[in-house]
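Hi everyone, thanks for making time.

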Amino acid sequence: MTNYITVIGLEVHAELKTKTKAFCSCSTEFGSLPNTHVCPVCLGMPGALPVLNKQVVEFAIRTGLALGCDIQKFNKFDRKNYFYPDLAKNYQISQFDQPICLGGHIDIEIDGVPKRLGITRIHMEEDAGKLNHSGATISTSDFSSVDYNRAGVPLLEIVSEPDMRSAEEARAYMEQLKAILEYIDVCDCKMQEGSLRCDANISIMPEGAKEFGTRAEIKNLNSFRALVRAIEYEVERQKAILEDGGHVVQETRTWDEANGVTLSMRSKEEAHDYRYFPEPDLVPVEIDDAWIERVRGELPELPAQRLERLVEKHGLPKYDASLIVATKAMADYFDAACANSKDDKAVSNWLLGDVSAYLNAENITIEQFPVKPENLGELVTLIKDGVLSSKLAKKVFAEMLKADKTPKQLVKELGLEQVSDEGAIAAIVDEVLAENPQSVADYKAGKDKAIGFLVGQVMKKSRGKANPGMVNKLLKEKMQ
Amino acid sequence: MKVTVKDVEHIAGLSRLTIPESEMEKFTEQFNQILNYADILEKIDTEGIEPTPYVLPISNAFREDVPQPGVTHEEALENAPAVYNDGFKVPRVIE
Amino acid sequence: MDLYKLTAHELHDKLVSKEISSVELTENVYSRIDEVEDKVQAYVTLDKENAMAQAAKVDAKIAAGEAIAPLAGIPGAIKDNICTKGLLTTCSSKMLSNVVPIYDAHVIKKLRADDAIFTGKTNMDEFAMGSTTESSYFHKTYNPWNLERVPGGSSGGSAAAIAAGEAIWSLGSDTGGSIRQPASFNGCVGIKPTYGRVSRYGCVAFASSLDQIGPITRDVTDAALVLNTICGKDEHDSTSLPVDVPDFTKALRADVKGLRIGLPKEYYGEGVDPKVKAEIEKAVKTYESLGAEIVDVSLPHTEYAVITYYIIAPAEASANLARYDGVRYGFRAANATSAPEMTRLSRTEGFGPEVRRRIMLGTYVLSSGYYDAYYKKAMQVRTLIRRDFNEAFEKCDMLLTPTSPVVAYPVDGKMDPLSIYMLDVTTIPVNMAGLPGISIPCGFADGMPVGMQLIGKVLDEETVLRAAYTFEQATDFHKAMAPLGGNK
């Protein structure tokens with residue numbers, strides 16, 4: 001059997017977080033009644049003209065800089081012509097031969113091995129409206145209804161080089177890109193809602209081949225899981241074709257999530273000929289160095305910088321830090337919790353342990369997590385200061401999930417303050433030593449393990465509140 | 001002949017138009033007449049000449065990112081040939 | 001009194017002095033419309049009810065002693081490709097025959113703010129593609145100077161309305177001569193301003209890089225008054241120029257002493273009707289006698305202008321008219337079983353043959369494999385045409401040419417498309433370079449008006465207005481009234 005190399009390039013569409021659409025002043029708000037955020041411009045009424053939202057350019061520059069691209073000084077827009085009912089003008093205002101950003105890269109790391117993946121270009125364009133079908137799917141619907149609320153929402157199309165060689169790399173690229181877009185605050189990055197969309201160009205070639213194989217473009221990949229599954233499926237599909245002596249057809253395919261397959265989208269449509277030409281209703285955009293440098297100066301901390309900070313300043317292991325940094329909201333939560341804690345590593349452990357477990361169990365995101373970061377910080381500090389044992393801390397944490405109360409409040413309400421009064425603990429220790437002569441003898445005979453049992457007995461008698469460190473110390477002293 | 005009937009059909013398809021069969025011959029002929037006339041452009045050497053997509057010497061005509069009221073839902077649908085579920089009704093999207 | 005024969009500035013004086021009322025004037029114009037519209041057919045839609053209500057409002061303002069704008073209370077006609085909220089705007093096309101705009105064009109907003117009155121919407125070539133107003137879906141318009149002849153186009157209705165006394169002023173749009181040529185055919189004044197002077201917002205696009213709205217009037221002063229109202233930067237049009245607008249009436253001085261007027265030799269070639277040429281030459285003599293300096297200049301790429309235009313304009317139009325798909329507004333063909341079929345049928349039935357031809361031509365020149373040979377080449381030639389003008393303007397302040405090589409020709413002339421296109425050679429280059437151009441009456445040939453075109457530098461409407469005004473003061477051509485003769 002031949003060994004094949006997989007070649008993947010991704011085209012990502014990111015909806016920009018502007019308040020208004022790209023070429024008109026309609027709100028970009030999501031999920032309203034159909035055709036309520038519309039005007040003559042985005043409805044494509046006769047005579048209406050586009051005017052560019054400056055924030056779109058600003059966000060495009062910011063994105064380009066965050067991804068290490070060259071920002072192009074001269075920009076123009078072009079019309080991309082094709083008929084579709086959700087495209088009000090039946091052309092899309094886009095950028096064709098002179099995109100705003102060229103070059104760039106995303107660094108990923110898999111199993112500790114770093115890899116740099118190239119970005120070819122980024123350009124600005126407008127989104128189309130939405131079709132609501134009368135039936136379950138487009139092909140089973142006798143008619144559809146068009147909603148232009150989304151028409152004209154600004155998009156960045158981010159095109160990668162065909163640098164990825166596995167579904168895992170593609171996933172890492174997407175995760176890293178998503179993190180960066182979140183950090184620089186240009187996109188909501190909600191894949192399910194469509195504010196971050198991904199198409200994958202996939203081909204395979206026999207090992208040692210000089211030229212890439214024929215690629216298929218896979219659309220409708222609206223989750224990381226879909227991306228990975230679709231690539232894995234598509235690679236197998238193409239292998240089977242080649243093994244059978246066939247040829248892969250260059251075509252657009254759609255990912256069918258329910259059945260876990262990619263399906264050809266070929267229809268009777270004539271071959272695409274977009275007839276791009278410069279958009280005469282808009283004037284060029286010229287970006288000078290001062291503009292670029294200002295945006296550069298205002299760039300927030302990026303995921304890679306954050307990772308470094310978490311490792312260097314907060315002392316986290318790199319792997320842990322990378323998990324926290326992957327989601328901006330999680331990283332922000334970490335920072336906020338640390339601001340109120342004396343043990344950053346413990347904050348990280350909580351986030352990656354109990355907190356993540358809770359989020360997964362409840363299927364919510366960190367933004368929806370009921371515990372305020374300063375309270376988690378306080379909880380960690382209570383442990384560090386010996387006020388709470390780890391065991392009791394879990395009890396408190398469980399209560400924090402139920403009610404918005406500070407750990408200190410809960411400790412008091414539940415009567416859980418740790419007893420660190422040496423006299424009180426010594427009295428219990430004496431009691432336990434008296435009741436367990438065999439264990440004392442074992443310990444003295446060199447069986448260190450016996451002390452564990454004794455500690456447990458003291459904790460039991462104190463109903464868990466005795467400071468375990470102090471218990472240990474007193475037991476050892478008294479058995480000398 | 002620069003374009004054949006088949007070419008005209010292809011262009012009509014891209015333009016979402018149909019040229020009735022009865023008009024096709026004359027249409028193709030007039031189309032060619034215009035394209036033949038365009039041959040005079042071959043006389044000019046435009047090597048290195050910048051194209052003029054914009055006659056104006058201006059750039060950076062921007063709008064601030066501040067929402068303004070558009071039209072009402074009713075106005076949006078006022079001229080619609082058919083309406084369904086608050087949207088513009090169209091027959092099945094796939095041919 | 002035949003108020004409909006007067007100019008806007010004369011009528012303004014009468015309104016202010018309370019010699020007449022706006023209601024009286026508007027009634028007078030509508031009774032003229034009732035009298036001659038059957039013959040001329042300048043309008044697609046009339047809006048008497050709103051016009052009369054607006055006139056009453058202006059009268060109330062005058063009665064209350066309020067100051068009024070120069071066009072306040074004076075009825076004007078609007079080309080039917082300029083959006084008027086609540087009033088049909090059809091572009092003389094079946095495609096838009098039922099479309100009532102939900103917004104006003106920028107120029108309409110400005111005119112409303114000045115209390116101007118709109119008589120109705122004027123007939124035009126469908127989507128402004130044509131130069132005879134014969135391609136209107138509704139009906140033809142006839143030249144008031146001889147009803148057997150075309151009024152020119154595409155703003156034929158706007159020009160014929162002025163010549164026939166069916167409006168005091170009007171708005172047209174000019175992509176390749178569509179204001180100037182009908183103005184010339186109807187003995188009117190028509191200006192295409194510098195590209196970017198007037199907002200295109202709400203003017204239904206034909207070729208976006210060429211389209212410009214402008215006035216058609218009885219004299220140069222009225223043209224300046226309308227310009228004063230409609231010019232200026234508009235935030236809704238990225239291509240509207242962020243420059244101050246002068247008071248154009250200040251340019252109206254009868255003085256051309258020392259003005260260097262260039263005569264581009266390519267505009268006086270063999271295609272020009274000798275009778276037209278003779279009238280133009282007389283006008284040149286008039287200018288000379290008034291102290292202007294006449295210089296010979298050359299615009300060597302003129303012969304390429306027509307084909308360049310017929311590549312660029314259809315290319316832009318093919319995209320601009322793509323939105324007419326039967327989905328959101330306008331004509332929708334019945335009985336389609338799919339959206340693509342619905343759009344194809346709606347467009348095939350909704351557009352006339354000339355519009356379909358130009359959409360196809362534009363689609364072709366942009367399509368894969370032909371872009372460089374046609375579209376890109378045309379854009380390069382456009383650069384050369386602009387350079388020609390720049391070089392000519394080093395030798396002169398303004399150019400003088402025939403507006404059209406011919407006078408208005410018979411209706412149903414059965415010319416093939418290319419021959420008709422070729423007649424636009426004198427007006428097209430002005431749009432290609434974005435320059436201001438005016439057509440004013442300068443004589444008659446075969447009983448039909450002859451117009452001369454004055455072309456200015458970018459944003460120098462003032463020089464052409466001054467020269468036009470000077471000529472007008474020295475001649476009587478603008479005072480002649482169309483006889484409404486001939487049998488259509």
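Let's start with chain A, which is divided into three domains: domain 1 covers 11-193 + 272-293, domain 2 covers 301-414, and domain 3 covers 422-478. Keep in mind as we go that this is a predicted model.

How far apart are the C-alpha centres of domain 1 and domain 2 of chain A? They lie 35 Å apart. The two domains do touch, with 8 residues coming from domain 1 of chain A and 7 residues from domain 2 of chain A. On the domain 1 side, the one that gives the most is helix α2 of chain A, residues 167-183, with 6 residues. If you sort that side of domain 1 of chain A by class, you get 4 nonpolar, 1 polar and 3 charged residues.

Take α3(A), residues 224-243, to begin with. It has 20 residues, and at 1.5 Å a residue they should span 28 Å; the end C-alpha atoms are 29 Å apart, so that agrees. Which residues of α3(A) are buried? They are Leu227(A), Ala230(A), Ile231(A), Tyr233(A), Glu234(A) and Gln238(A).

Okay, on to chain B. It has 3 helices and 3 strands, and from the N terminus they run α-α-β-α-β-β. What is its radius of gyration? Chain B has 23 Å, whereas a compact globule of 95 residues would have one near 12 Å. Along its principal axes, the C-alpha trace of chain B spans about 55 × 45 × 20 Å. Buried residues make up 28% of the 95 residues in this chain B.

So where does chain B meet its neighbours? Let me take chain A's side of things. The contact takes 43 residues from chain A and 34 residues from chain B. Five elements of chain A each supply at least two residues to the side touching chain B: β2, α1, β10, β11 and β18. Of these, β11(A) gives the most, with 5 residues. That side of chain A divides into 20 nonpolar, 15 polar and 8 charged residues.

There's strand pairing across the two chains as well: β2(A) pairs with β1 of chain B, residues 62-63, in the parallel sense over 2 bridges. In β1(B), Arg63(B) is the bridge partner of Asn53(A).

Last stop, chain C. Its contact with chain B takes 39 residues from chain B and 53 residues from chain C. On the chain B side, α1, α2 and β3 of chain B are the elements that give two or more residues, and α2(B) gives the most, with 4 residues. By class, that side of chain B has 25 nonpolar, 7 polar and 7 charged residues.

Terms used: Residues are numbered from 1 along each chain as its sequence is written. Chains are lettered from A and ligands numbered from 1 in the order in which they are written. This is a predicted model: local features need pLDDT of at least 70, side-chain atom pairs count only at pLDDT 80 or more; totals for chains, interfaces and linings use all residues. Ala, Val, Leu, Ile, Met, Phe, Trp, Tyr, Cys and Pro count as nonpolar, Asp, Glu, Lys and Arg as charged, and the others, Gly among them, as polar. Two strands pair if DSSP finds at least two bridges between them. Domain bounds come from an automatic or database domain assignment. The expected span of a helix is 1.5 Å times one less than its number of residues. A residue is buried if 20 or more other C-beta atoms lie within 10 Å of its own, exposed if 12 or fewer, and partly exposed in between; C-beta atoms are placed from the backbone. The radius of gyration is taken over C-alpha atoms; the globule rule is 2.2 Å times the number of residues to the power 0.38.
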